[in-house]
Amino acid sequence: MDASRPAGSALDLAVPVRREENGTGGGDGARVRRPAQVQGLDGLRGLAALYVVLFHCWLYTFPGYPHSSAPPWLGGLMFGRLAVVFFLVLSGFSLAISPARHGWRSAGVGEFLRRRAWRILPPYWAALAMSLLISWFVVPASHFGPPTGATVLVYGLVAQDVVTAPTPNGAFWSIGVEAELYLLFPLLLLVRRRWGAAMMAASVTLPVVVIGLTAPGANPVEGDNWLAPHLAPVFAAGVLGAGVVAAGDRVRRLPWGWFAVLAALPVVALGVVRGSAWTVNHYFWIDLAIAPAMTMLLAAVATGKPGVLVRLLTARPVHGLGGFSYSLYLIHLPIVLAVIRRVAPYVVSPGLPTFWFTLAVGLPGSVIAAWLFSKLFEMPFKRNRSWKSLVAARSGA
């Protein structure tokens, strides 16, 4: 498994809602106005993407993961894998907001997949080209060796979770997983609409639990791909959580933030008691255990609580970072690797000095480069829904 695998994908998966929806209030049938835009989700994406960058700065500076040579006080940066869980929960939540407001119906499978491809693939392919060039001519991205023709084919088709090939960018693994979960999403909506939330959750979670319990030591060892089935339950948890946006006032007034804290406490306590290396080696179960807490956190933000957190997430710097978090995820790792392996050795000593140097150079460099990259390859496809509108916007400019 590539050392960079614990990181998460910062995809911007929100489905824009074009109008406000009327919802039913709790118990008395009163009609209330629901905001068309759920505030705070972009801010969460931005902070999570920033954590992924910090994780990779830490990971490639200090060898030995998960028994890292880093100072213990930097241990909070080692849980990059939990970022993938959070991003998948957030993905399911964001994608399901509009269907939840429309009786768990979407605009159709074909239209959904077309919109996802339009939104996700152009910047991904641009980042793939950039990553290939850097991996060939500047710094390799994988212990499997430099990219090959198979790399171009497999990663170009976003098939990296199914077929193994030398990676041009260690962060791309989760994009293959998410692409597979997009195919699952319409089926999840169908099950949720016809048979309810419990059946939807059970249909994706019980097979994973059975696989886990029947593995040697009841702890499956993950490979380099075929991770989508294991991670489907956390994606489904986000889909279920999106129901809060269309729920009555009685449900929306529940203390979702405190529920999230209570759900997270046992998982955090177990990790503290057993240690960080044990936690990393048992991510198969940790992923499933922490997903409910993450879902409840999203429910809290979606209902505007706690207010101080929502204000932080909607502040201009954090919200702005979330606006290009997908680009930041896509291109940051080649930049961080180039700083650590091609620049830092000529400037500072290994270890902590290299880490500080990477934070000072690689972190802002990644953010600035991602902002520029998003202007070219992400925002045009985010603002326009077809080639016709894109060409018209270019002509008008």
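**Helices α1 and α2**

I looked up how helix α1 (residues 41-61) sits against helix α2 (residues 81-101) in this predicted model. Their axes come within 11 Å and cross at roughly 160°. Angles over 145 degrees count as roughly antiparallel, so α1 and α2 are roughly antiparallel to each other. I also checked the hand: α1 passes α2 in a left-handed crossing.

**Residues in the contact**

Next I listed which residues meet between the two helices. From α1 I noted L41, L44, R45, A48, A49 and V52. Facing them in α2 are A83, F86, F87, L90, F93, S94 and I97. I then sorted the residues of this contact by type and got eleven nonpolar, one polar and one charged.

**Whole protein**

I turned to the overall fold and found 16 helices and two strands in the protein. The radius of gyration is 21 Å, close to the 21 Å that the globule rule gives for 397 residues, so the protein is as compact as a globular protein of that length. For the extent, I took the C-alpha trace along its principal axes, where it spans about 70 × 60 × 40 Å.

**Burial and contacts**

How much of the protein is made up of buried residues? I found that they account for 53% of the 397 residues.

Notes: Residues numbered from 1 in each chain as written. Predicted model: local features only at pLDDT ≥ 70, side-chain atom pairs only at ≥ 80, totals over all residues. Heavy atoms only, no water. Axes fitted to C-alpha atoms, helices over the stretch in contact; angles between N-to-C directions. Helix = DSSP H or I, 4+ residues; strand = E, 2+ residues; numbered from the N terminus. Parallel < 35°, antiparallel > 145°, perpendicular 65-115°, else oblique. Left-handed = near helix turned anticlockwise from the far one by under 90°. Contact = heavy atoms within 4.5 Å. Nonpolar A, V, L, I, M, F, W, Y, C, P; charged D, E, K, R; others polar. Rg over C-alpha atoms; globule rule 2.2 N^0.38 Å. Buried < 20%, exposed > 50% of the residue type's maximum accessible area, 1.4 Å probe, protein only.
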